[in-house]
Amino acid sequence: NIITAAFSKPKIMTITMPEKDDKTVPPKIDARRTLNILLTDSDRVYYYVGAIEPGKPQPEIVKSNFSKDGIRKVLLLKNKDLFTKISEFNEKRVKGKIHVSDAAAEDFIKDLKKDDNVGPIILIKADEGARYKDIVSIVDEMAITNIASYAIVDLSAPEKALLKAQPR
């Protein structure tokens, strides 16, 4: 079966974490493209768009979950253009409309992701109550939804306070 063969091989994802350095200036991130995902205890997932800035109104925080209608749906809506391009390319390969090696296909998809300058930039943030499996689950969602730009970063003090204020 072509579909089984195309998806049966496990994938390895490399996550590179930057070294902490007090002199390092974080890159400027377009707040309109930024989606912050906050993970906490009891498998709770929250998200908000933009940034928390002192003296400005706080962004709306939304409760979600790991279901297909939860955070995945949000990620797919935010990443619709890139997800569609990659899905169409993969569909053409499966149907035999284009013939490229696995390595060439992976390179093509990497180039699509590298050239993406309109898709979301996801910042994944977990507090001390989040479980390792939740971090693995959200990174899996990045792969499933073809997110090009994401990072695991620390929660800020305002985000910690925002999480504590959420109903259980």
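Among contacts (heavy atoms within 4.5 Å) between residues at least 6 apart in the chain's sequence, 67% join residues at least 24 apart. This is a predicted model, in which local features need pLDDT of at least 70, side-chain atom pairs count only at pLDDT 80 or more, and totals for chains, interfaces and linings use all residues. Residues are numbered from 1 along each chain as its sequence is written, and side-chain values use heavy atoms, with hydrogens and water left out.

**Overall layout**
- You can find 6 helices and 5 strands in the chain; helices (H or I, at least four residues) and strands (E, at least two) are DSSP runs, numbered from the N terminus.
- Their pattern along the sequence is α-β-β-β-α-α-α-β-α-β-α.
- The chain has 168 residues, and 30% of them count as buried; buried means under 20% relative accessible area, exposed over 50%, and partly exposed in between, with a 1.4 Å probe and protein chains only.

**Nonpolar cores**
- A nonpolar core is a set of buried Ala, Val, Leu, Ile, Met, Phe, Trp, Tyr and Cys residues joined through side-chain atoms within 4.5 Å.
- The largest one has 15 residues, and Leu 75 and Ile 122 are among those with the most contacts inside it.
- Two or more residues of this core come from each of β1 (34–39), β2 (45–49), α2 (71–78), β4 (121–126) and α5 (132–144).
- Leaving aside neighbours within four places in sequence, Leu 75 touches several residues, including Leu 35, Ile 37, Ile 122 and Met 142.
- A second, separate core of 7 residues includes Tyr 46, Tyr 48, Ile 61 and Leu 155.

- Because Phe 89 lies in helix α3 (residues 80–94) and Phe 108 in helix α4 (residues 102–115), the pair ties together parts 19 residues apart in sequence.
- Phe 89 is buried at 11% relative accessibility, whereas Phe 108 is partly exposed at 37%.

**Salt bridges**
- There are 10 salt bridges in the structure, each a side-chain nitrogen of Lys or Arg within 4 Å of a carboxyl oxygen of Asp or Glu.
- In one of them, Asp 134 pairs with Lys 133, the closest N and O atoms being 3.5 Å apart.
- Asp 134 is buried at 1% relative accessible area, while Lys 133 is partly exposed at 43%.
- Shared partners join Asp 43, Arg 131, Lys 133 and Asp 134 into one network of salt bridges.
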